[in-house]
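Please read the text alongside it.

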Amino acid sequence: MPDRATDHITLKSRQIPVIADCDVVVVGAGPAGLSAAVSAARNGCSVTLVERYHHLGGMASGGMVLVLDDMVNGGSEIVTTGIVTEFVERMEAQDGAVYPPPQDCLKSWEMWQKWSRWGCIDFHKTGMPQPIIHAVAFDPDTWKRVSLDLVGEAKINLRLHSWFSEAIIDGGKVAGIVCQTKLGRQAIRCSMVVDATGDLDLAASAGADFIKGQYIVTTVFRLAGVDTERAEKFEYENPQEYKKLDRRARRVIGGAWGMWWLKTPIPGIVWCNCPHMAGYDGLSPESMVAAEYEGRERMMNLLAFARENLPGFENARMLGAAEQIGVRQTRLLQGEYVVTRDDVKSRRHFADSVCRGRDYYTPYRALLPRGIDNLIVAGRHYSCESEAQKSSREIPPCMAQGEAAGVAVSIALDENVALRDVNAKKIQRQMRAQGADPGDVPSSNALVEQPPAAE
């Protein structure tokens, strides 16, 4: 195999057709990118949404991360709202979402047995039973349908099957992107871009500063034909025997959260958020191929064990692995502000907070690269330390980031100012108007060190 560090070829430059010209290009149609595109479009921008896969939803659908969590502060105050709330309501209307009512969100063995296998538990709390909290189990195909509905209603120019290739830079400003398609390379011109790639592909191409991090990857899968009622009955009536079998199952899979299987809105189908595998580089094709092989071997080993040993799993069948490997961390922006582990752990409140997660706040500055205009990021690759990202990368907060980014680009265009000059207070007001909590009002457990943002 050639040494890629020294072996190169030179290609002739070619003219690239411009297939769209718009206010805003959003690259990546995962939860953050979709929210950014919808938010910008609803605020009057012409938007083009670019996605490499054939579907919308990213890790929520293609990656099958089938529980929305990290939405409550201190266990009961729902703080991650806005487009994510709309998503949940629309999926529920299609029988594609399940979550506990407020009166069930408490700490008791009765509620534990009712809701824990839906993933609606406060896994941050020690001791049993863990409290039941607001979290949402959902169906991935319902997510795809709702995504398409929102994109269509907002009249967004959707470009699927389009792989981001490089940023177009003009005088230190991002002026568009080039993507690769079956028809060759295509260019899209724009006034603003949102990098929602998850891996910082666009911002890195534009020259933004970043660090590289690495965390576990997961090849998520689902099983069909599971008698969940029988499985839960065995677990609760035979707790010691179940614990022994569960420990053996998690050794077989070789890496899993406390609950390696959860129920889904479709009866008989369970979600397995495992196996977790360390040492894989989410930017390396070779590494991702190796993860596919290892992950599939592990999941089939677990299926065989479950069929032979676990009541309720005797007739289980492999429904299939997720279309996308669950990559948690690759490139992380080092922007106008870098969120630290201490910021997240101490619940530090920022005057320019524009979105929030479980117990943490994200400042507007952490969405902006240094020295590059017309570019904002939204998603797990925002500006933060590696250890901070591990605690602040769940889907709902990323959606809130996207919604805030969509508001920010619309204000910048309306006022003809650079993104870094947009007043965070105006973003906060518009987020509130859209039903989202931007984190402008700190909760009682926040560490408040700064005065409110100026008008």
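## Basis

This is a predicted model, in which local features need pLDDT of at least 70 and side-chain atom pairs count only at pLDDT 80 or more, whereas totals for chains, interfaces and linings use all residues. Residues are numbered from 1 along each chain as its sequence is written, and side-chain values use heavy atoms, with hydrogens and water left out.

## Nonpolar cores

A nonpolar core is a set of buried (under 20% relative accessible area, 1.4 Å probe, protein chains only) Ala, Val, Leu, Ile, Met, Phe, Trp, Tyr and Cys residues joined through side-chain atoms within 4.5 Å. The largest has 103 residues, of which Leu-68, Ile-376 and Ile-427 touch the most other members. Helix H11 (residues 395-415) contributes the most to this core, with eleven residues. A second, separate core of 22 residues includes Val-226, Cys-272, Leu-302 and Phe-313.

## Helix H8

Helices are DSSP runs of H or I with at least four residues, and strands are runs of E with at least two, numbered from the N terminus. Helix H8 (residues 285-309) has 25 residues. Its buried residues include Met-288, Arg-298, Leu-302 and Phe-305.

## Aromatic rings

The whole structure holds seven aromatic pairs, defined by ring centres within 6.5 Å (Phe, Tyr and the six-membered ring of Trp), with planes under 30 degrees apart stacked, over 60 edge-to-face and the rest tilted. Phe-138 and Trp-143 form a tilted pair, 5.0 Å centre to centre with 40 degrees between the planes; both residues are buried.

Notes
The expected span of a helix is 1.5 Å times one less than its number of residues. Buried means under 20% relative accessible area, exposed over 50%, partly exposed in between (1.4 Å probe, protein chains only).
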